Amino acid sequence: MKDNKMNDKKYVPVTDGEGLARVLEEARVAQKAYAGFSQEKVDAVFFAAAKAANRARIPLAKFAVEETGMGIVEDKVIKNHFASEYVYNAYKNVKTCGVIARDESGGLATVAEPLGVVAAVIPTTNPTSTAIFKILLALKTRNAVIISPHPRAKQCTAEAARIVREAAVEAGAPEGIVAWIDEPSLDLTNTLMKEADVILATGGPGMVKAAYSSGKPAIGVGPGNTPVIIDESASIPLAVNSIIHSKTFDNGMICASEQSVIALAAVYEDVKKEFIKRGCYVLKKNEADKLRAIILVKGTVNAAIVGQRADKIAAMAGVPVPEGVKILIGEVESTDKAEPFAHEKLSPVLALYKAKTFEEALDKADILVKEGGYGHTSVLYADQDGGATEKIQAFGERMKTGRTLINMPASHGAIGDLYNFRMTPSLTLGCGSWGGNSVSENVGVKHLLNIKIIAERRENMLWFRTPEKVYIKRGCLPTALDELKFVLGKKKAFVVTDSFLYKSGASKPITDKLDALGITHNTFYHVEPDPTLACAQEGAAALRAFAPDVIIALGGGSAMDCAKIMWVLYEHPDADFADMAMRFADIRKRVYTFPKMGEKAYFIAVPTSAGTGSEVTPFAVITDEKTGQKYPLADYELLPDMAIVDADLMANAPPGLTAASGIDALTHALEAYASVMATDYTDGLALQAVKMIFKHLPAAYQKGKDAMDSREGMANAATIAGMAFANAFLGVCHSMAHKLGAFHHLPHGVANALMINEVIRFNCADAPTKMGTFPQYAYPQAKARYAQLAHDAGFGGKSDDEKVAALIAAIDTLKSDIGIKPCIKDYGIAESDFLAGLDAMAEAAFDDQCTGANPRYPLIEEIKQMYRNAYYAPTGK
């Protein structure tokens, strides 16, 4: 076959840099044309090329052995067959052109594009099969390929390339799509690697290192030094004969072939006997010493023994062995680099180690892998049907090898699709970062493709979540509580409230009803305004001692928030508060996952003020008493199971509380309406809450229990606003209010009232420095949203600017009507104190959980300016 390629009159051999430059240019032209081929045309080329390679498997095998003087013809036939048939079968139906996957609902299209020109470096050990394999991968992926053969195998490799190229071109591929170097040299190979678009390198460590140093993307593979452990649970005949089958295959030239066998002491002699029985030769000590002398040359495997018969190698060492002996086995102890038997030998020569324990066997295998085959292949023979599950797991965890095989001949098992049909068939075996490679798996078509994603804008699924049950109307409390006995079957109730409500008898309607129902109860009434983590921990201890099956939170936001934290600590005593307080950008993707709630206790929230909406929200604000920092916690596991909104419980709320809580509810509605996460479901709630608050808050503030219709209107408005912001979330007004209250001890509602107008003005910018990030928020639209709300609420104005001004004016009037002062300064906060803490306060507000849903993403300096404006006067200093 040597002269067959010369019959191609069009072919001009590549023997120098000029010739290489020519075929590189031809390859680029061909690849550019080939890149436009359809999948159908590419598959026709792929089929024709694979078929031609398969038909030439025997003559190519003969040619390889004849030229290199290494290996076995019959085994090289198998390798050629594998490279054509198995590779074709694995990829014949794989899409590699254009759109290869589409997710219509997700708006994603996955598109495959070729890499360009592939520089394929071919080893002398597999000169035809590896060439076939790499050319077929390139053709399937619409790449051009230029082959750089090993100098000692240049003719057979070139012949394999010629056969495949002619078939590909006849099937329609462009001329020049496959080329090769006829007179390979280090300089030409280096030039090819530097000029190609990607390198597919198989060869010695020096060549692979050169590929990775070329400045081009490279897929190179490392050396193998495969250790095999034979466990005492293994089938000895299976293990030994699989090793022989693999190690004698092509005279041991496969890089994955076994280099060392580590037999457990309990089966060591049986393993030796089986090797001897099957035609292997165990060297005597002096014979092993003679073989040691020829295994290595200058620290690397002696090229003279690579791919040679065992008896020929023995003769080279001066060791008489029977003719036809299969493998030479040296019994050794050292795994050190100084031991020649511990190296990769690429020949039918094996090291045999004895291990007293499985752990010792793992240690030896680990060293052998690290010393010479990091990332490549390792094998364990053990009972895989349950008898050695733990050992198999330990082996898999310990070995740093890309192919960690169980009960397989290494040479055949590692290349895939023979002893495990799920493994990718390949003649290029990556070793990952362990072996200094870019891939750790069997190389396939995916490694020769650029994958690009065409992504259409899509909005993720949104939600609307509320408590399972929300009971409303004055006087509904006792009727709602009937469910505890007659529907839910509860036995023990734990009431959480504050000392004022407890001492004033506000909790008595609940405890009296529980008595009437025959439900045992206990009350924790130590919650204070701005509840602390220490308070929640104290309450959780009381919960654990009492072990209730229902928790009833009675009060304003403080009592309900503290009760929620107590609930978490009761159900999950080991829950970490710092983890619960962890910030998130998307509640569905947060790092920390809240534990499942409700396993021990049902949670009922009963508000006594119209403001926080905590009875229907997944939020809780708690203060770390050690640092003074307020933490808004958020997770739908914190959502109460039942809310009972009975305005009779709010009849005696003092004017100051009515004002602060009422304006808090207004900011909830306003921020939910402007939020980047607002939806049609939350907009209606937010708008209705705004209307109700402007209608009912002044009367509720001024007349108290003499205006129960307004009290009930405010109770419902606060809960409705709560449902809106429970799903749309809040914004930077609440972020700033949280920190203003924490730094200067202002009531939360008052802090919101002082900041809301500044935030509305800030959000209304037509060209904000940065806008909020959320897929449904397409462009800055806060001004239009506020204007629409103002219009629907009947505040007047013609243009958007006028409507927003009318909204701000209405808020100012409302604040004045309920006794809220115009600016921060009016609350007795010294200017020096305010300015001294401004930087820290602004940064803390920026990092608050509420900031992320704001329609305009604030810079810290912008937050500082809003604080300054709010301190001096509503319109700034």
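Helices (H or I, at least four residues) and strands (E, at least two) are DSSP runs, numbered from the N terminus. This is a predicted model, in which local features need pLDDT of at least 70 and side-chain atom pairs count only at pLDDT 80 or more, while totals for chains, interfaces and linings use all residues. Residues are numbered from 1 along each chain as its sequence is written, and side-chain values use heavy atoms, with hydrogens and water left out.

A nonpolar core is a set of buried Ala, Val, Leu, Ile, Met, Phe, Trp, Tyr and Cys residues joined through side-chain atoms within 4.5 Å. Buried here means under 20% relative accessible area, exposed over 50%, and partly exposed in between (1.4 Å probe, protein chains only). The largest such core has 94 residues, and Ile760 and Tyr867 have the most contacts inside it. Helix H24 (residues 708-728) gives the most to this core, with 11 residues. A second, separate core has 72 residues, including Phe46, Ala144, Ile219 and Leu427. With contact taken as heavy atoms within 4.5 Å, and neighbours within four places in sequence left aside, Ile760 touches Leu670, Tyr786, Val804, Leu807, Ile808 and Ile811.

The next topic is the cavities. On a 1 Å grid over the protein atoms alone, a cavity is a set of points where a 1.4 Å probe fits but cannot get out, and its lining residues have an atom within 4 Å of a point. Helix H22 (655-674) and H24 each supply at least two residues of the lining of the largest cavity, and H22 gives the most, with three residues. Among the lining residues are Ser609, Met650, Leu657 and Arg711.

Which cysteine sulfur is nearest to that of cysteine 562? The nearest is that of cysteine 535, 3.8 Å away, and cysteine 562 is in no disulfide, a disulfide being a pair of cysteine sulfur atoms within 2.5 Å. The structure as a whole holds zero disulfides. Cysteine 562 counts as buried because its relative accessibility is 0%.

Finally, alanine 52 lies in helix H2 (residues 39-55). Alanine 52 counts as buried because its relative accessibility is 17%. Apart from neighbours within four places in sequence, alanine 52 is in contact with Ile163 and Ala167.

Notes:
On a 1 Å grid over the protein atoms alone, a cavity is a set of points where a 1.4 Å probe fits but cannot get out, and a pocket is an open set with protein on both sides within 12 Å along at least five of seven lines; lining residues have an atom within 4 Å of a point.
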